[in-house]
Amino acid sequence: MAEATVVLNDLDFAGDDRVVPFQVEGLDVRGRAVQLGPLLNAILGRHEYPAPVARLLAEAIVLTALLGTSLKFDGKFTVQTKGDGPVDLLVADFSTPDALRAYARYDEEALAEAIEEDRTFPPDLLGNGVLAFTIDQGRGMQPYQGIVPLDGSSLEEIADVYFRQSEQIPTRVRLGVAELFDRDAEGRPRHNWRAGGLVAQFLPQAPERMRQPDLHGGDGDERELDFTEDDAWTEARTLVETIDTDELTDPQVPIERLLFRLFHERGVRVYEPQTVYDRCSCSREKIKSVLNGFTAEEIEASQEDGHIAVTCEFCSTTYRYEAAEFAEA
Ligand SMILES: [Zn+2]
């Protein structure tokens, strides 16, 4: 993290697609906040997802931007859901230093039915399953994966549960997605996606404040732990819960203004923002190395007129190969 900090109001606003780390010293809170515009439009526009799918994926993208940019080493952070609902797969990943990509997989028929029946809340679309966070440092190191059930909650609630249970860090995540309809300079109707989000975590210097146990008196080891929440965290969490989805996505309200509104009485500071880009890590060589692992039968089954075409699910780029390149393998 950059050493130089600036006090709010002395600052040019970070703008879209830039993750703003922040700290609220008076509440022992650290976090990140972001508004996504062009990046989100590019990813969602490329796939032309039906609106309910686009909204869900947008939430996963915001979450990935917020959490991925906190990696302290080179690597990849992935958010993935797998469920039995109409949207059976959401994948969004962030590769250091700044690349984000994502895609959703859905069953057209089941989705159409869900939309028809007005069952388009996230739990309806995702169904039962799991959400996984994966941190991969590469270089032959075992990836770390944390898994939480999709239990009928929103992605922000599921993320909170993950941090509480797996990381023991009191966390509050907020995510918002909006479709904006306006007109361009020539008066033609225009449609844009916007999303925003914020993650706040309680990270006091003194670890015992993470949870304040009420220790009953008495001898020996016998004690009853009654976990009560730290007052500072209660205040921070309550403030974060006052955020309206509209505030997160409003193009007229820079994210720093929102941070100021929430925390100015407690001394909020922001750090150097981190830009995220719509950028895929696929390449001709990477896909070729996957095809190199295919058997002759699999190559035969994949080819058409002597050619094999592979389309990247993330960025929709299609790579074409001569089947003969692999046939003798
Ligand atoms: Zn790609």
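Reply: **One loop, and then other parts**

Aspartate 305 lies in the loop that runs between helix H10 (296-302) and strand S16 (307-311). The model is a predicted one. Although aspartate 305 is not a glycine, its phi is positive, at about 50°. Is aspartate 305 buried or exposed? Its relative accessibility is 71%, and a residue counts as exposed when that value is over 50%; aspartate 305 is therefore classed as exposed.

Another residue that is not a glycine and has a positive phi is arginine 139, where the angle is near 45°. Arginine 139 sits in the loop between S7 and S8. With a relative accessible area of 66%, arginine 139 is exposed.

The metal site may be taken next. Which residues coordinate the zinc ion? The SG atoms of Cys280, Cys282, Cys312 and Cys315 do so, at 2.2 to 2.3 Å. Along the chain, these donors follow the spacing C-x1-C-x29-C-x2-C. The angles that the four donor atoms subtend around the zinc ion are 102 to 114°, and the arrangement is tetrahedral because of them. For comparison, the ideal angle for four tetrahedral donors is 109.5 degrees. Two of the coordinating residues, cysteine 312 and cysteine 315, are buried.

The description now turns to a sheet. Six strands form an open sheet in the order S8-S7-S4-S5-S6-S15, and their pairing is mixed. Strand S8 (144-150) and strand S15 (277-278) are at the edges; each has a single partner strand, so one side of each lacks a neighbour in the sheet. Helix H2 (residues 51-68) packs on this sheet and touches S4, S5, strand S6 (99-106) and strand S7 (129-136). The direction of H2 makes about 30° with that of S5.

Within the sheet, strand S4 (residues 76-83) and strand S5 (residues 87-95) run antiparallel and are joined by seven bridges. Three residues separate S4 and S5, and the two strands form a hairpin. Glutamine 80 has valine 91 in S5 as its bridge partner. S4 also pairs with S7, again in the antiparallel sense, over eight bridges. Here lysine 76 stands opposite aspartate 136 in S7.

The loop between S5 and S6 holds proline 97. A cis peptide bond, with omega about 5°, joins threonine 96 to proline 97.

In helix H8 (residues 255-263), the buried residues are Ile255, Glu256, Leu258, Leu259, Leu262 and Phe263. Viewed down the axis of H8, these buried residues fall within an arc of 155°, so they line one face of the helix. In an α-helix there are 3.6 residues a turn, so residues three or four places apart point the same way. What do the buried residues of H8 pack against? Their partners are strand S2 (18-24), strand S3 (29-36), strand S10 (189-202), helix H6 (231-241), helix H7 (245-249) and strand S13 (268-270).

Key
Residues are numbered from 1 along each chain as its sequence is written. This is a predicted model: local features need pLDDT of at least 70, side-chain atom pairs count only at pLDDT 80 or more; totals for chains, interfaces and linings use all residues. Side-chain values use heavy atoms; hydrogens and water are left out. Donors are N, O and S atoms within 2.8 Å of the metal (3.2 Å for Na, K and Ca); water is not among the atoms, so sites may look incomplete. Four donors count as tetrahedral if all angles lie between 85 and 135 degrees; four count as square planar and six as octahedral if opposite donors are over 155 degrees apart and all others between 65 and 115; anything else is irregular. Buried means under 20% relative accessible area, exposed over 50%, partly exposed in between (1.4 Å probe, protein chains only). Two strands pair if DSSP finds at least two bridges between them. Helices (H or I, at least four residues) and strands (E, at least two) are DSSP runs, numbered from the N terminus. Contact means heavy atoms within 4.5 Å. Axes are lines fitted to C-alpha atoms, for helices over the stretch in contact, and angles run from 0 to 180 degrees between N-to-C directions. The arc is that of the directions from the helix axis to the C-beta atoms.
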